[in-house]
Amino acid sequence: MKRRLLKISAFCLAVILIAGVCWFANGLVGNPISRMLARNAAEAYLAEKYSGTDYTIEKISYDFKDVGYYARIVSPSSTDGNFTLRISMLGKIKYDDFEHRVLGHENVANRLNVEYSDRINAVLQNSAFPYAVSIGYGNLEFEQAVGEAETEGAIRKSELVNDGFYNVSALGATNGKLVLYVDSDTVTKEKAAEILLTTKELLDQSGISFYSIHLVLQYPPYDSGQSYARPAGEIRLGNFRSCDIYEDGIMDRIAKCIEDTQNYYEEQEKA
């Protein structure tokens, strides 16, 4: 009798363990049945909502954080036409980002931003760039941040055209923002002026324009593994315009920008 009870107990324990492993695996990588349900749901959804188009399912992928599936939908005839469906484990469509990514021109904005960013990085990450860059990148800003004034001549996301060709350098002149954190043993207004003039010259030589630059000139960290620990004192220039980067009178413009930037951060802290 004892042996029978032991066998039954062992069998039940094995079933529980197997069920636990299956439950864990299902949450981590999904399961074939749910994947099939997701694909069927995506195909039915495309047939109903996007009939007459050339949209196809490129792939179905599982996301363990959301515990569900994503279907990447692409169009062979449109570079900026792709979007994503989010699908539950039971095959229910939970989200369709077509309106945001296609109709809202998020895809074309991202495409242009990647191209612009790559061109900026080619200069800032080049061994010929004469400064120690802690953080450096460039973005095309198609939406104005809250509290910032409208940039004259800047193109907005709503004005973009899907699959349109754009000269990213020309867009950079009105929409481009450069962010540059430089580590230097010399933290002075004169050094900041040198960095601004040299950076603009190198970008001009590479045919890349930008509207403004956010420059932070700071001392190197005590330890390279702890970038946050560094000597006090820095120069911070927020949104220094490219058209103001020329030698005559630049020190006065830098001094004013430092003051304006400090006032801006003080106002933000009060808000």
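Reply:

His105 lies in the loop that joins α3 (98–103) to α4; helices (H or I, at least four residues) and strands (E, at least two) are DSSP runs, numbered from the N terminus. The model is a predicted one: local features need pLDDT of at least 70 and side-chain atom pairs pLDDT 80 or more, whereas totals for chains, interfaces and linings use all residues. Residues are numbered from 1 along each chain as its sequence is written, and side-chain values rest on heavy atoms, without hydrogens or water.

The backbone of His105 has a positive phi of about 65°, although the residue is not a glycine. His105 has 14% relative accessibility and so counts as buried (under 20% relative accessible area, with exposed over 50% and partly exposed in between; 1.4 Å probe, protein chains only). Asp163 also has a positive phi, near 65°, and is likewise a residue other than glycine. It is found in the loop between β5 and α5. Asp163, at 38% relative accessibility, is partly exposed.

Helix α5 spans residues 168–175, and its buried residues are Val168, Ser169, Leu171, Gly172 and Asn175. Viewed down the axis of α5, these residues fall within an arc of 155°, so they line one face of the helix; the arc is that of the directions from the helix axis to the C-beta atoms. Among the elements covering this buried set are α4 (106–124), β5 (132–140) and β6 (176–183), where contact means heavy atoms within 4.5 Å.

Helix α7 comprises 21 residues, 250–270, which at 1.5 Å a residue should span 30 Å; its end C-alpha atoms are 30 Å apart, so expectation and model agree. The expected span is 1.5 Å times one less than the number of residues. The buried residues of α7 are Ile250, Arg253, Ile254, Cys257 and Thr261. They cover an arc of only 95° around the axis, which puts them on the same side of α7. This buried set packs against α6 (189–205) and β8 (234–241). The face of α7 turned away from the buried side carries the exposed residues Asp252, Glu269 and Lys270.

Cys257 has 9% relative accessibility and counts as buried, whereas Cys243 is exposed, with a relative accessible area of 51%. A search of the whole structure finds zero disulfides, a disulfide being a pair of cysteine sulfur atoms within 2.5 Å.

Ser34 belongs to helix α2 (residues 32–49) and, at 6% relative accessibility, is buried. Apart from its neighbours within four places in sequence, Ser34 is in contact with Tyr69 and Met89. Ser34 and Met89 are separated by 55 residues in sequence, yet their C-alpha atoms are 5.2 Å apart.

For the protein as a whole, there are seven helices and eight strands. Of its 271 residues, 39% are buried. Among contacts with a separation of 6 or more, 60% join residues 24 or more positions apart; the pair Ser34 and Met89, 55 residues apart in sequence, illustrates such a separation.
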